Amino acid sequence: MSEQDLFSEGLQRQSARRKLTELLGEQTIKDLHRRSNWMGAWSITSCWAVIFLSFAMIIWGQQQSLMIAIPTIIVALALLGGRQLGLAILMHEASHRALFENVWMNDKLSNWLCGHIIFLDVEKYRKHHFVHHAKTGTSDDIDYSLIRGFPTSRASLARKLARDFFGITGIKNLIGVYLMNAGYVKWTVASDIEKLPRNGRSRMDYFLNFVREAWPSLVANLLLFLALWLIGHPELILAWVIAYLSPYLLFTRIRALAEHAMTEQSPDMLKNTRSTKAGPIARALFAPFRVNYHIEHHALASIPYWQLPRLHKLLREKDAIPEPPNYWYVLNLVSSKHTQAA
């Protein structure tokens, strides 16, 4: 395969690994699939370190004048939301069994250290997410609702982002968490809602089902509260909740738009998926753990996140994939409806 073949022919789901093996060599592909328990442990540890650094910033900020306290606390809340998204991305890694070499660590440890604290579950997410990978670029994509209806106007995008920022989306999300775990609706991380048959269940039946399904998340958040109480600042749990209701979902929307919004409805991963440039601020907030290398992830879904920059570099050196845009470009693109009409 010549260096231009991949770019000209595209990267189809059924032939992606074969084409990449022909282009990069079998040993390189094997090396890219190398997992590391140490990297998995470091990823989780560093994520939680930033979370507690953010808590420390809030504690320090509360002791300062308003001129210093307000921006300090705002930055800390943004970092908390970014690291909550980071935990979600690490849970996503574990769903592909790419975070650790060990299956138990991917399926159980990552659940308790990453997923449950933000009301996610590796097994449930894996079943959902693998449909997304199988159906990307089609109307059957289970996550298609996240990017449906674009481009929109700048005013419409601003309203969506405002709802995220002011916690309206977050409150709806919490209601959805209850309804899914209670068994009212089918579990999803997308926007489509599928009601489940009632089958004679009472409200108490639904509540008990919620407790059975959500108890790990409730316990994980209780443990966080106890940890904050032990360091003398139980009120910081409010910062965790505010970050979850506001910046976490705001950053999640930006990430989702960058990955697939306004890409081609096609099985070609070079056209139905987008990689995005991410500087230090983007990586801290809405592109944690190299999630911005999304073409590369879809091309070889089971390679660890820390191998994605290497795969991106190899493919760019061979002109096999396009130069990625930045996030500002994507936001302008998805809000260009009136501009395009003009």
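Student: In this predicted model, where does P151 lie?
Tutor: The peptide bond from F150 to P151 is cis, with omega near 10°. Most peptide bonds are trans. As for its place, P151 lies in the loop between α7 and α8.

Student: Which loop holds R97, and what is its phi?
Tutor: R97 sits in the loop between α5 and α6. At 32% relative accessibility, R97 is partly exposed. Most residues other than glycine have a negative phi. R97 is not a glycine, yet its phi is positive, about 55°.

Student: What is the phi of F119?
Tutor: F119 is placed in the loop between α6 and α7. F119 is a residue other than glycine, and its phi is positive. The value is near 60°.

Student: At what angle do helix α6 and helix α7 pack?
Tutor: Two packed helices are described by the angle between their axes and the distance between the axes. Here α6 covers residues 103-115 and α7 covers residues 122-135. Their axes are 9 Å apart. The angle is about 115°.

Student: Which residues of α6 and α7 make the contact?
Tutor: By class, the contact of α6 with α7 has one nonpolar, three polar and three charged residues. From α7 come V122, E123 and R126. From α6 come N106, D107, S110 and N111.

Student: How many residues apart in sequence are the parts tied together by K124 and E213?
Tutor: The side chains of K124 and E213 meet in a salt bridge, 2.7 Å from N to O. K124 lies in helix α7 and E213 in helix α10, residues 203-230. K124 is partly exposed at 25%, and E213 is partly exposed at 36%. The pair therefore ties together parts separated by 89 residues.

Student: Which helices are linked by D164 and R253?
Tutor: D164 and R253 form a salt bridge, with the closest N and O atoms 2.5 Å apart. D164 is buried, at 1% relative accessibility. R253 is partly exposed, at 23%. D164 lies in α8 (residues 154-165) and R253 in α12 (residues 247-260), so the linked helices are α8 and α12.

Student: What about the salt bridge of E26 with K30: how far apart are the closest N and O atoms?
Tutor: E26 and K30 are four residues apart in helix α3 (residues 26-32), which means about one helical turn separates them. E26 is exposed at 51%, while K30 is partly exposed at 48%. Their closest N and O atoms are 3.6 Å apart.

Student: Why is α12 described as largely enclosed by the rest of the structure?
Tutor: First, its length. The 14 residues of α12 should span 20 Å at 1.5 Å a residue, and its end C-alpha atoms are 20 Å apart, which agrees. Now burial. It is largely enclosed because, of its 14 residues, the number buried is 13.

Student: Which residue with a positive phi follows α12?
Tutor: Its phi is near 60°. The residue is M262.

Student: Which residues does F55 touch, not counting residues up to four places away in sequence?
Tutor: F55 is among the residues with the most contacts inside the largest nonpolar core, as are L80 and W240. F55 touches both of these.

Student: What separation do the C-alpha atoms of F207 and Y178 have?
Tutor: F207 is found in helix α10 and is partly exposed at 41%. F207 and Y178 are 29 residues apart along the chain. Their C-alpha atoms are separated by 8.7 Å.

Note on methods
Residues numbered from 1 in each chain as written. Predicted model: local features only at pLDDT ≥ 70, side-chain atom pairs only at ≥ 80, totals over all residues. Heavy atoms only, no water. Axes fitted to C-alpha atoms, helices over the stretch in contact; angles between N-to-C directions. Helix = DSSP H or I, 4+ residues; strand = E, 2+ residues; numbered from the N terminus. Contact = heavy atoms within 4.5 Å. Nonpolar A, V, L, I, M, F, W, Y, C, P; charged D, E, K, R; others polar. Core = buried A, V, L, I, M, F, W, Y, C linked by side-chain atoms within 4.5 Å. Buried < 20%, exposed > 50% of the residue type's maximum accessible area, 1.4 Å probe, protein only. Salt bridge = Lys/Arg side-chain N within 4 Å of Asp/Glu carboxyl O. Expected span 1.5 Å × (residues − 1).
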